[in-house]
Amino acid sequence: MKLVFLIVPLFVFICLQKGLAQEYTQEQFKLDSWAGQELLKHASVGVFMQDAQTGRVLASSEPQQSLVPASTLKLLTTGAALELLGADFRFETKLAYTGEIRNDSLLGDLVVIGGGDPALGSEYFKDHYLKKHFLDIWVDSLKQRNIHFIGGNIIVDASVYEQQLIPNTWVWEDIGNYFGAGACGLSVYDNLYEIHLSSPDTVGLQTHIVSTIPEIPEITFDNQVLSSDINRDRAYVFGSPLDNERVLRGTIPKGKSDFVIKASVPNPPLLLGWQLKHKIEDEGIGIEGSIDVNFQQGKICETTLLAKTISPALIDIISVTNHESVNLFAEHLLKHMAYLECGQGSTEVGVKVVADFWKSKGIETTGLFMVDGSGLSRFNAITAKQMVGVLDYMKNESEDGSEFINSLPTVPNGTLYYFHAEYFPDNGLYAKSGSMTRVRCFAGQLKTKSGREILFSVFLNNFSCSQSKAIRAIEDLLVNMSAL
């Protein structure tokens, strides 16, 4: 009897600590036990779980802290874009001209007008853009008008977005590399290029640049990459957007004749204009002028349309963004919402548009700090409860809710390749992941053995264990929850 009298007050105390309105559930008990493990002793933990159908809170960490979400922040951007632009929205890139066509000559400029398409020429949409290359289609439009000479320049107009390609708070180590490619009013080929290197058989010696694919106009390299016994890519590319100087540092494995590292294109509009000029000249069409990249709105005179390249549907772009965690696509969507709001796409306006959208849907935004659209910045912060609020709205209120949930990876696909498929059979887990140094986060939908669906968010910041141990810890929590 004495033991019973001790347990009951303890249970009441725990319930009061969690709040009278929240039942102390089995899920809460499992969460509290999990969060108390030695592995997470120095970590900041943010967890929120609720029943997807009833909205009942099943478990939450208290207090709800604003934590770095990494790439799970993309859910706010893609969800808002899907609602504000619509699933069938498509971007347009136009080829046009100024002046007039007289006989076989264009007496004016050839103008490529960017429409903010994040996927133009993308590897993720080869059949759409590259089965017949969009540049070939553009050149065909010149041939159809019997143009054999262009008297002006090739103007590549990227003025639909601001000239600053990357957010202010991205770090120097990221922005020269492929995952740090900035969103431009005229992006192309995922704003990504390959640097092919060869390395000697001896450790610690200088590597050599073999080629770049595609060829990047006007670029220069200071290659400081050395050969190494470490059998993986540890090379980084440093350089700012619109600057053609690049420094390569780090190591690649020794004894490689063709080792590929990926980097962000310094000036995407210039690359596109340069390729278009060469394609036109290869077809025997003369060009008198040069390539002019424009970021200033209102500078281009009245134009006449020659050809138009239309993107895949927005829902397809969002599916790739969430499934493959493409930073560039998310930043494009952010800027495009800003463009529709104020007439020019900027990161600053875009984050306000997204935050205001979610506030209008009843999500408390106090404690939400958003500085980009992709989550690459460490200055982003959000609570686990706010993240689940976004998921709840998209699943239960959005007309495209099922498509949005289905855009998240399932085990072991996309960025969930490190989870064990046998633990989450029959697509039992849909989740967006996020990671950076000392940050590991997941948010999505979990199905339990009883058939219940749980919307969840799990954030770990500043853990002292390895990334692999943090992943296993989160997987253990989700497996335990799925068993209920």
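Helices, as named here, are DSSP runs of H or I with at least four residues, and strands are runs of E with at least two, both numbered from the N terminus. The model on display is a predicted one.

**First selection: the loop between β10 and β11**

Begin with Glu-218, which is located in the loop between β10 and β11. Its phi is positive, at about 70°, although the residue is not a glycine. Glu-218 counts as exposed because its relative accessibility is 60%, and the cut-off for that class is over 50%.

Remain in this loop and select Pro-214, which is placed between β10 (208–213) and β11. The peptide bond that leads from Ile-213 to Pro-214 is cis, and its omega is near -5°.

Proceed to Gln-224, in the loop between β11 (220–223) and β12 (226–228). With a relative accessible area of 34%, Gln-224 is partly exposed.

Display the side chains around Gln-224. The side chain of Gln-224 forms a polar contact of 3.0 Å with the side chain of Asp-222. A further polar contact, at 3.4 Å, links the side chain of Gln-224 to that of Arg-249. When neighbours within four places in sequence are set aside, the residues in contact with Gln-224 are Gln-206, Val-247, Leu-248, Arg-249 and Gly-250.

Next, select Asn-177, in the loop between α6 (172–175) and β9 (192–198). Is Asn-177 buried or exposed? Asn-177 counts as buried, because its relative accessibility is 4% and the class covers values under 20%.

The side chain of Asn-177 reaches the backbone oxygen of Glu-173 at a distance of 2.7 Å. Apart from neighbours within four places in sequence, Asn-177 is in contact with Ala-235, Tyr-236 and Val-237, and also with Lys-262, Ala-263 and Ser-264.

Now show residues 134–144, helix α5, together with residues 268–282, helix α7. The two helices pack at an angle of about 55°, and their axes are 10 Å apart. That angle makes α5 oblique to α7. The crossing of α5 and α7 is right-handed.

To view the contact itself, select Phe-134, Leu-135, Asp-136, Trp-138, Val-139 and Leu-142 on α5, then Leu-272, Gln-275, Leu-276, Lys-279 and Ile-280 on α7. By class, the residues of this contact comprise 8 nonpolar, 1 polar and 2 charged.

Move to Pro-63, in the loop between β2 (57–60) and α3 (74–85). Which kind of peptide bond joins Glu-62 and Pro-63? The bond is cis, with omega about -5°.

Conclude at Asp-426, in the loop between α12 (401–406) and β19 (429–436). Asp-426 is a residue other than glycine with a positive phi, near 55°. Its relative accessibility is 73%, so Asp-426 counts as exposed.

Methods:
Residues numbered from 1 in each chain as written. Predicted model: local features only at pLDDT ≥ 70, side-chain atom pairs only at ≥ 80, totals over all residues. Heavy atoms only, no water. Axes fitted to C-alpha atoms, helices over the stretch in contact; angles between N-to-C directions. Parallel < 35°, antiparallel > 145°, perpendicular 65-115°, else oblique. Left-handed = near helix turned anticlockwise from the far one by under 90°. Contact = heavy atoms within 4.5 Å. Nonpolar A, V, L, I, M, F, W, Y, C, P; charged D, E, K, R; others polar. Buried < 20%, exposed > 50% of the residue type's maximum accessible area, 1.4 Å probe, protein only. Polar contact = N/O pair within 3.5 Å; in protein donor to acceptor, adjacent residues only side chain to side chain.
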